[in-house]
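Please read them with the structure open.

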Amino acid sequence: MAVKEGDFVKIGYTAKIQETGDVFDTTDETAAKEAGIHVENKSYGPIPIVVNGGHVLKGLDEALVGMEEGEEKTVEIAPENGFGMRDPKLMQLIPMSEFRKQGMKPEVGMAISSEGTTGIIRSISGGRVTVDFNHELAGKNLVYDIKVEDVIEDDVEKVKSMIELHYKAPNLDSDKHDIQIEDGVVRIAMDEMAKFDKQPYMDVTFARFRISRDIWENIENIEKVEFVDVFEKKVEEAAEEVVAEEVAEEVLTDEDKKE
């Protein structure tokens with residue numbers, strides 16, 4: 001059955017810049033190592049998305065429509081369907097004095113953040129610093145080698161796939177999520193380790209909203225999504241053990257400092 005908009009699928013891909021052939025993203029760990037972009041502790045493998053759900057580039061979404069499970073394809077994506085065209089307005093001149101106020105010494109190639117946006121320092125001249133806030137791949141033609149690994153049909157598995165996509169905690173076991181669907185309501189009790197996972201890299205409330213939105217927009221007859229946090233005695237004991245271990249590590253660190 002051909003993939004259509006709104007389908008839940010798992011895809012694998014390797015993405016290159018057409019002009020240079022450089023790989024900038026991939027779901028294949030071996031390809032990442034070969035390209036020199038491997039990230040330690042990152043989970044590689046096919047990723048779940050909703051087709052046309054805004055989870056991938058527009059050009060990639062469009063290419064997936066009509067593909068079959070197991071099918072592979074190479075897709076060329078123009079800037080307007082990728083990371084957009086370069087915008088001259090996003091090249092900003094910032095006085096050197098602003099960096100001094102922040103105690104910073106700007107250097108060409110340095111990344112800086114302003115109002116939640118990351119820019120790259122392109123040049124320093126005459127007491128002014130040119131910062132480029134365009135996406136690093138803006139204006140680039142891209143090539144994606146993609147494969148539809150799986151088309152997800154079961155509603156419970158669809159819910160689990162969205163948890164995997166948005167709730168990027170590395171220690172969660174999807175088999176331990178308890179998903180109940182009844183009378184238009186999805187109730188989600190996640191793997192108990194979600195309660196204790198340290199996540200400085202994500203906003204849990206926002207992740208749950210995105211999971212909920214993708215569920216009610218793409219699974220028929222779903223009107224409500226509930227997240228249920230259940231604490232059991234064995235979980236409390238496990239949490240106490242984790243805290244005890246952390247305290248022990250902190251004490252050890254302090255003793256090391258004294259030495």
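1. Terms for burial. A residue counts as buried under 20% relative accessible area, as exposed over 50%, and as partly exposed in between (1.4 Å probe, protein chains only). Ser212 has 7% relative accessibility and is therefore buried. The model is a predicted one, in which local features need pLDDT of at least 70 and side-chain atom pairs count only at pLDDT 80 or more, while totals for chains, interfaces and linings use all residues. Residues are numbered from 1 along each chain as its sequence is written, and side-chain values use heavy atoms, with hydrogens and water left out.

2. Overall make-up. The protein has 6 helices and 12 strands; these are DSSP runs (helices H or I, at least four residues; strands E, at least two), numbered from the N terminus. Of the 259 residues in the protein, 36% are buried. The protein exposes about 16100 Å², and 46% of this comes from carbon and sulfur atoms. The accessible areas are from the Shrake-Rupley method with a 1.4 Å probe, and for residues only the protein chains shown count as cover.

3. Contacts. A contact means heavy atoms within 4.5 Å. Taking contacts between residues at least 6 apart in sequence, 63% join residues at least 24 apart. Ser212, in helix α5 (residues 204-218), is in contact with Val225 and Phe227 once its neighbours within four places in sequence are left aside.

4. Lys140. This residue sits in the loop between β8 (128-132) and β9 (142-152). Lys140 is partly exposed, at 34% relative accessibility. Not counting residues up to four places away in sequence, Lys140 touches Ile17, Glu19, Ile77, Ala78 and Pro79. Lys140 and Phe83 are 57 residues apart in sequence, and their C-alpha atoms are 7.6 Å apart.

5. Salt bridges between elements. The rule is a side-chain nitrogen of Lys or Arg within 4 Å of a carboxyl oxygen of Asp or Glu; the count by this rule is 11. Glu164 pairs with Lys10, with 3.4 Å between the closest N and O atoms.

6. Arg187 forms a salt bridge with Glu226, whose closest N and O atoms are 3.1 Å apart. Arg187 is in strand β11 (residues 185-189) and Glu226 in strand β12 (residues 224-227), so the pair ties together parts that are 39 residues apart in sequence. Arg187 is partly exposed at 34% relative accessible area, and Glu226 is partly exposed at 23%.

7. Other salt bridges. Lys160 and Glu157 form a salt bridge, with the closest N and O atoms 3.9 Å apart. Both lie in helix α4, 3 residues apart, about one turn of the helix. Lys160 is buried, at 14% relative accessibility, whereas Glu157 is partly exposed, at 39%. Arg86, Arg122 and Asp132 are linked in a network of salt bridges.

8. Surface patches. Patches consist of residues with over 30% relative accessible area and no salt bridge; like charges are joined within 9 Å, and nonpolar side chains (Val, Leu, Ile, Met, Phe, Trp, Tyr) within 5 Å. Lys and Arg count as positive and Asp and Glu as negative, with His and the chain ends not counted; a charge is placed at NZ of Lys, CZ of Arg, CG of Asp or CD of Glu. Asp28, Glu29, Glu34 and Glu40 form a patch of negative charge on the surface. Glu29 lies in helix α1 (residues 29-35) and is partly exposed at 36%. Phe206, Phe209 and Trp216 make a nonpolar surface patch with about 310 Å² of accessible area together. Trp216 is in helix α5 and is partly exposed at 34%.

9. Backbone angles to check. Asn41 is not a glycine, yet has a positive phi of about 70°. Asn41 is in the loop between α1 and β3 (47-50) and is exposed, at 76% relative accessible area. Asn221 also has a positive phi, near 65°, and is a residue other than glycine. Asn221 is in the loop between α5 and β12 and is exposed, at 65%.
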